[in-house]
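Here is a short report for a first look. Start with the view below, then read on.

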Amino acid sequence: MIRNILLVIFLLVCLPGCKESPKSLESPEQSKSTFTGYVAEKDTKANRALLVSNSESSLMGNEKIYDADWISGIANQVFIEDRE
């Protein structure tokens with residue numbers, strides 16, 4: 001009996017985590033975020049460019065760490081060192 005009660009409590013706690021968040025239901029157009037930085041590299045074969053943030057995200061020892069992300073579909077529209 002106690003085992004069944006614990007099982008029900010466990011399921012009630014875990015099941016809400018299985019629900020899809022509203023953000024995952026958005027279309028790709030709605031879920032696009034903005035990333036500001038400069039173009040550090042281009043990959044024209046894959047039609048993407050590497051954008052590096054303007055501000056440092058953290059320090060590791062004496063090294064500054066910057067956020068970077070490959071953005072697809074923009075390689076033909078930007079040049080290296082462009083600011084976005």
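## Surface patch

Patches are made of residues with over 30% relative accessible area and no salt bridge; like charges are joined within 9 Å, and nonpolar side chains (Val, Leu, Ile, Met, Phe, Trp, Tyr) within 5 Å. A salt bridge is a side-chain nitrogen of Lys or Arg within 4 Å of a carboxyl oxygen of Asp or Glu. Accessible areas come from the Shrake-Rupley method with a 1.4 Å probe, and for residues only the protein chains shown count as cover.

Met1, Ile2, Ile5, Leu6, Ile9 and Val13 make a nonpolar surface patch of about 690 Å². Val13 sits in helix 1 (residues 2-14). Val13 counts as exposed because its relative accessibility is 63%. Buried means under 20% relative accessible area, exposed over 50%, and partly exposed in between (1.4 Å probe, protein chains only).

## Basis of the model

This is a predicted model: local features need pLDDT of at least 70, side-chain atom pairs count only at pLDDT 80 or more, and totals for chains, interfaces and linings use all residues. Residues are numbered from 1 along each chain as its sequence is written, and side-chain values use heavy atoms, with hydrogens and water left out.

## Whole chain

Helices (H or I, at least four residues) and strands (E, at least two) are DSSP runs, numbered from the N terminus.

Of its 84 residues, 12% count as buried. The chain exposes about 7,300 Å², and carbon and sulfur atoms supply 56% of that.

## The loop at Thr36

Thr36 lies in the loop between helix 1 and strand 1 (37-43). Its relative accessibility is 52%, so Thr36 counts as exposed.
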